Amino acid sequence: MGTAVPVAEQLSLLRRFTEVLASASSVEELVSVLFDRAQRTLGTVAGALLDLDGETLKVTGSFGYPPEIVETWGEVPLSAPLPAPEAVRTGEPVVIGTRAEYEQRFPSATGIVADEGAVLAIPLTDDGRPVGSLGLRFPTARRFSDDDIEVLVAAAQQFTLARSRLALLDGERTARADAEKANGRLTFLASASREIATSLDYERTLSAVARMAVPGLADWCAVDLLDDDGELRQLAVAHVDPDKVTMAQELRRRYPPDPDAPYGLPAAIRSGRSELIEEIPRELLEEAVADKPELRALLDELQLRSSMVVPMVLHGEAIGAISFVMAESGRRYTPLDLQLAEELAARAAIAIGNARLYGAEQRARSAAEEARSRTEMLVELGDRLTSSPELLSAAEAFARFLADEQGDGVTVCLLDRDGIASLTAHARTQDREVCDASQRGIAPLDDDDPDDPVNRAVLDRVAVTGRSPDDAWIPRWLGSDRAWHSAVVVPIASGARTLGAVVIGREEDRAPFSPDEHRFIDDLADRAAQALDNARLYSEQRFIADTLQTSLLPPSVPHVPGYDIAFAYRPAGDGRQVGGDFYDVVDMDTSVILVVGDVSGKGSRAAAVMALSRYAIRTAALRSTRPSEMLETVNESLMRQSAHDRFTTAAVVRLASMDGRMTAAVAGHPLPIVVRADGAVERIGRPGSLLGVFPDPTLHDVGGHLHPGDLLILYTDGLTDARRGDDRFGEERLVEVLSLRSDGPEELVGRVMEAVTTFAADDLSDDIALLVARRR
Amino acid sequence: MTQPPFETKVDEDRSVVSASGDLDLSSAPALERAIERAIDGDNDTLTLDLRGLRFIDSTGLRLVLTTDARLRERGGHLSVVRGPEVVHRVFELAVLEDRLTFVDGRDIGDGSTDGEEPT
């Protein structure tokens with residue numbers, strides 16, 4: 001010992017020891033390296049590591065000592081007369097070479113050791129401070145050189161350094177783990193907040209938040225909301241195991257929380273304050289299942305350990321709560337966790353507030369939208385039906401409208417006065433054309449079937465709703481070529497009068513009619529009923545007017561030798577009223593008599609006067625060749641009728657078949673016009689009295705001649721009085737059209753009528769009768 | 001197209017009804033109501049001032065004639081202040097010049113229809 005080589009060898013051992021210490025990653029590993037080297041390199045039989053804790057040295061690691069010794073001597077006071085405390089107290093290694101030496105120096109501790117070996121106690125210092133000592137026991141007596149001791153002290157120092165480094169590292173690791181845990185919380189809070197803030201569907205969002213909380217922040221997480229009735233409703237419950245979720249939901253259903261419970265969810269809701277139970281007391285759980293023994297086993301299985309309940313408070317009132325529970329994982333909540341949970345609940349409450357506000361606004365807005373769009377729809381329907389005054393076209397327009405707006409297929413069925421289905425219009429959303437229902441194989445109304453929904457609608461005014469395939473009437477009324485899914489039948493009634501019914505069907509891809517939609521369709525049918533009733537009246541009047549008119553006026557004019565004759569007749573406005581204009585062409589063999597007249601007023605009385613005038617002229621023509629006499633006959637007839645508030649104007653021209661001689665008489669009527677073959681325009685006749693007003697009318701016959709190619713034009717003032725704004729078609733425009741060359745009377749009549757119709761934009765307020773003759 | 005304005009004015013003190021604008025199927029009822037007001041009660045004379053008219057059709061003509069007939073039945077009469085040429089020509093065509101009493105504006109002593117030309 002004490003030679004250079006052993007010292008060098010010892011230094012090399014020390015270096016290797018240092019290297020091994022450096023590679024240790026934990027204090028435990030470090031201690032085991034230390035003890036291993038102590039045994040193998042130094043040949044020690046036992047060793048102990050003692051750490052200074054205040055005035056006590058504690059054994060934190062040992063080898064070679066029997067357990068009872070470690071137990072007895074696990075802690076020794078710093079003041080004890082033993083090698084290790086002395087080394088710590090003095091800061092110097094205690095070196096004892098022999099048993100005798102030991103007994104001499106530490107007489108009171110001789111019971112500890114039984115063998116003869118040497119003992120070393122090396123103080124451990126960290127940064128100059130005593131931190132403990134390392135005790136080593138050798139199997140035999142031994143002498144130590146100063147170098148030996150120096151190397152051992154150096155090795156112990158290395159150990160202490162390495163241990164401090166590892167302790168620091170551990171602290172750092174713990175700190176980092178804590179930091180990561182905190183970071184995890186922040187991440188959760190951030191993502192949960194984002195989830196809450198970005199979606200207005202807060203129920204779905206809160207469920208997502210509950211799911212996000214497990215298993216990281218809770219073994220169980222549940223979200224409860226107070227509904228409008230103040231009842232707690234569990235919105236979501238999350239656990240990693242779906243079976244447990246189902247179980248929890250079932251439990252909740254069977255055992256709803258007692259609203260007066262002094263703790264837990266109800267208490268948090270009532271007080272608006274959060275609750276943290278770091279360690280759920282067993283008694284609390286026992287109490288909870290005290291009257292529900294069947295839950296006992298379940299409770300044991302759940303292993304509830306720690307819980308938090310945080311209310312979501314909006315405007316000072318709890319609107320719900322989020323509950324977090326730690327169970328089988330054995331973790332516990334701390335006030336830090338509660339802080340996070342409260343933060344989350346606060347954000348959730350704000351999000352719910354916003355979402356509810358938004359939802360309320362949306363609902364108000366969509367209700368307003370809906371109301372407006374429905375009003376618009378009603379107006380639109382009114383407009384469309386009013387612009388289709390004929391009954392058939394109005395029914396078609398109604399069917400078209402409903403097919404566009406409410407259903408995929410529509411059948412409108414209208415009754416005639418006898419209650420028989422007289423008219424059916426069928427429309428489909430995809431088809432442009434509205435057709436007669438029979439074209440879709442839709443049978444007419446079966447009067448004998450009291451269960452038929454259309455019969456019920458028209459007879460009892462009941463609306464009927466149906467679903468396929470239960471209701472066989474759906475394909476019967478809408479056609480069996482489509483898969484109807486649902487249908488409604490709504491009566492069309494105006495006042496006390498039932499006009500018919502409408503059947504509306506929807507196919508699979510559209511939702512069935514809601515009660516709300518059903519009501520709206522009722523409204524639409526009511527609106528349509530008014531328009532259809534008007535249209536029905538209109539159509540009847542028009543039919544009567546047409547019939548009367550055709551019976552009073554010649555539908556065609558006779559072929560007359562020497563002349564080509566054409567005429568046009570157009571009743572005023574919509575043609576619902578019998579007009580007062582009339583015309584006639586009477587073939588008298590050697591001559592032809594042309595008549596155009598105008599009875600003041602309209603309607604059936606005017607029609608009667610018209611018929612009278614026309615037949616009076618025909619009768620007079622049989623006995624007189626003078627137009628003025630024919631007109632006088634009319635006057636006499638009218639005067640006998642004593643219809644003083646009505647008068648007639650007329651122009652009568654007699655044309656000789658052979659030579660074109662003509663005689664004209666005019667009674668309060670525009671003078672007939674002659675357009676010569678060369679385009680020159682003349683008027684024929686002289687103004688005479690109105691007919692039916694005075695017993696002694698002033699009437700004149702005026703003669704003239706119509707040459708081949710010349711045109712004679714008789715017309716009523718409906719033509720020249722046709723109005724556009726404050727302008728009238730007038731004689732000038734008429735003459736302008738007439739003086740253009742034309743191929744014949746037909747073309748000329750067509751051109752005049754086109755000119756006046758265009759001028760008046762199709763809105764003629766008076767009848768027009770026009771008669772044109774051209775001499776061949 | 002808008003309807004040219006048709007206006008009536010009733011001077012009940014002097015029994016004068018003035019009409020301006022187009023007298024046709026659509027405006028005749030308005031004039032008829034004005035005339036009714038003017039001859040309400042036992043008034044049997046009336047002056048119808050047509051100077052403001054721009055147009056008259058057979059409906060207008062009929063109203064003039066029926067008014068004339070009604071007043072005659074009561075033993076009274078109707079005076080018509082001649083309208084512009086285009087209006088008066090209709091009376092001429094119906095040969096009513098001698099059947100109705102036409103007067104000039106000065107015969108009723110004022111120019112009350114001045115400024116009532118349709119705008």
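This passage describes the contact between two chains and the surroundings of two residues in a predicted model. Local features need pLDDT of at least 70, side-chain atom pairs count only at pLDDT 80 or more, and totals for chains, interfaces and linings use all residues. Residues are numbered from 1 along each chain as its sequence is written, and side-chain values use heavy atoms, without hydrogens and water.

Chain A meets chain B through 30 residues, against 23 residues of chain B; contact means heavy atoms within 4.5 Å. The size of an interface is often given as the accessible area lost when the parts come together. Here the buried area is about 2000 Å² (accessible area, 1.4 Å probe, lost by two parts on being put together, summed over both). Carbon and sulfur atoms give 57% of this area.

Five salt bridges link chain A and chain B (a side-chain nitrogen of Lys or Arg within 4 Å of a carboxyl oxygen of Asp or Glu). One of them joins Arg99(B) to Asp696(A), at 2.8 Å from N to O.

Phe144(A) lies in the loop between strand 6 (129-137) and helix 6 (146-198); helices (H or I, at least four residues) and strands (E, at least two) are DSSP runs, numbered from the N terminus. Phe144(A) is buried, at 16% relative accessible area (buried means under 20%, with a 1.4 Å probe and protein chains only). Beyond four places in sequence, Phe144(A) touches Val95(A), Ala118(A), Leu120(A), Phe138(A) and Ile149(A). Ala118(A) is 26 residues away along the chain, with 9.5 Å between the C-alpha atoms.

Ser207(A) sits in helix 7 (residues 202-213). Ser207(A) is also buried, at 15%. Leu235(A) and Ala236(A) touch Ser207(A), not counting residues up to four places away in sequence.

Methods: Chains are lettered from A and ligands numbered from 1 in the order in which they are written. Buried means under 20% relative accessible area, exposed over 50%, partly exposed in between (1.4 Å probe, protein chains only).
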